[in-house]
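Then I turned to the helices beside it.

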There are 2 protein chains.
Amino acid sequence: MRFPKSIQNLIDQFVQFPSIGPKTAERFVFYLLGKDPSAVENLADALKALHKGAILCSRCLAFAETSPCAICSDSKRDSSIIAVIADTRALIPIESTGDYKGLYFVLGGEINPIDGIGPERLAIKQLLDRISEGTAKEIIIALNPTIEGESTALYLAKAIRSLQISVLKISRIARGLPMGADIEYADEATLGNAMKYRNEL
Amino acid sequence: MRFPKSIQNLIDQFVQFPSIGPKTAERFVFYLLGKDPSAVENLADALKALHKGAILCSRCLAFAETSPCAICSDSKRDSSIIAVIADTRALIPIESTGDYKGLYFVLGGEINPIDGIGPERLAIKQLLDRISEGTAKEIIIALNPTIEGESTALYLAKAIRSLQISVLKISRIARGLPMGADIEYADEATLGNAMKYRNEL
């Protein structure tokens with residue numbers, strides 16, 4: 001006994017989504033079966049439009065509507081600072097702070113030997129070419145504070161330093177206690193970083 | 001700062017999926033952006049085919065490829081027994097047991113006042129019409145052992161009895177300990193049911 005083919009096909013597709021198991025995939029499909037066919041058509045149309053409406057910016061490699069993207073082509077942005085992020089998704093929260101006026105560069109991931117992602121899978125060569133243009137004075141490495149993010153940051157710092165651009169500063173977003181945290185409940189690594197990277201008042 | 005429209009549109013659609021929050025919806029869309037456009041086209045096509053390939057069986061109201069469905073039109077099935085299930089999804093596990101040879105009836109849900117699902121939202125009238133045909137000798141209520149399932153079962157039993165078909169037996173799938181359970185760790189309600197509905201050996 002199997003579901004009708006059109007149901008099973010869709011379950012098989014949703015099962016491939018990140019962190020979705022067969023039961024959740026089933027729930028998705030039955031949720032869609034309960035909706036109006038026109039709503040499901042809308043979803044199908046949104047999927048068909050996805051790749052057409054989101055292209056890679058040739059400058060920063062972020063998914064954008066235009067290439068170069070709105071940020072890269074904004075003359076009011078400070079082109080002397082480049083924030084290196086793993087993924088286009090990191091753009092939104094950094095932009096939301098309203099504090100950052102520099103440009104971005106999307107690496108396309110973080111070095112992760114377990115998932116088979118070596119440095120050659122990331123846009124490191126493009127980043128070095130971009131830095132070699134000479135306009136950047138500071139590279140902010142804005143990767144995740146995880147083992148993968150840290151080792152990618154170290155790898156990048158070494159590669160960037162090998163360009164021997166003397167005026168270039170390489171920085172990393174700060175590690176410390178998040179706002180609203182409770183020192184008593186902070187883990188050792190976080191609190192260790194907070195002590196080590198203390199700021200002068 | 002927002003994602004390109006085609007990305008945001010799709011995030012907005014996935015957010016409506018059951019138990020999917022904005023961050024998971026984002027992960028889905030970036031997972032799809034990382035896939036080949038043709039794979040995303042396949043998913044869109046599977047969505048477009050969903051409603052066309054899954055119609056409601058006019059007899060049992062299950063989603064099926066034909067109406068009447070393969071089970072309802074199978075003359076080897078025992079038409080004197082009807083299992084009432086909440087959802088087409090319950091069909092697969094019951095069929096997988098290989099033990100049940102009767103027919104089904106899909107109620108379309110369970111009474112759930114919190115979600116605003118009253119008896120009028122379920123196919124209760126159709127079920128009573130079906131039973132009134134007189135072929136059924138036993139109705140097995142195979143709903144979930146939850147508050148919603150129990151109250152729906154009681155409601156159904158009352159409605160079916162009001163038809164005053166004297167030969168009709170109404171039963172309910174058994175409550176008790178699941179196979180492999182440990183009595184020490186069973187919850188009170190489950191163990192209470194297991195004692196109350198004990199079977200003669």
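What order do the 4 strands of the open sheet in chain A have? I read off 4-3-5-6, with parallel pairing. Strands pair here if DSSP finds at least two bridges between them. Helices (H or I, at least four residues) and strands (E, at least two) are DSSP runs, numbered from the N terminus.

I noted the ground rules. This is a predicted model, where local features need pLDDT of at least 70, side-chain atom pairs count only at pLDDT 80 or more, and totals for chains, interfaces and linings use all residues. Residues are numbered from 1 along each chain as its sequence is written, chains are lettered from A and ligands numbered from 1 in the order written, and side-chain values use heavy atoms, without hydrogens and water.

I then checked one pair. Strand 3 (residues 78–85) and strand 5 (residues 138–141) of chain A run parallel, joined by 4 bridges. Val84(A) stands opposite Ile141(A) in strand 5 of chain A.

Helix 5 (residues 124–132) of chain A packs on the sheet and touches strand 3, strand 4 and strand 5 of chain A. Contact means heavy atoms within 4.5 Å.

Which residues of helix 6 of chain A does helix 5 of chain A meet? I found Tyr155(A), Leu156(A), Ala159(A) and Ile160(A). From helix 5 of chain A come Ile124(A), Leu127(A), Leu128(A) and Ile131(A).

Terms used. Axes are lines fitted to C-alpha atoms, for helices over the stretch in contact, and angles run from 0 to 180 degrees between N-to-C directions.
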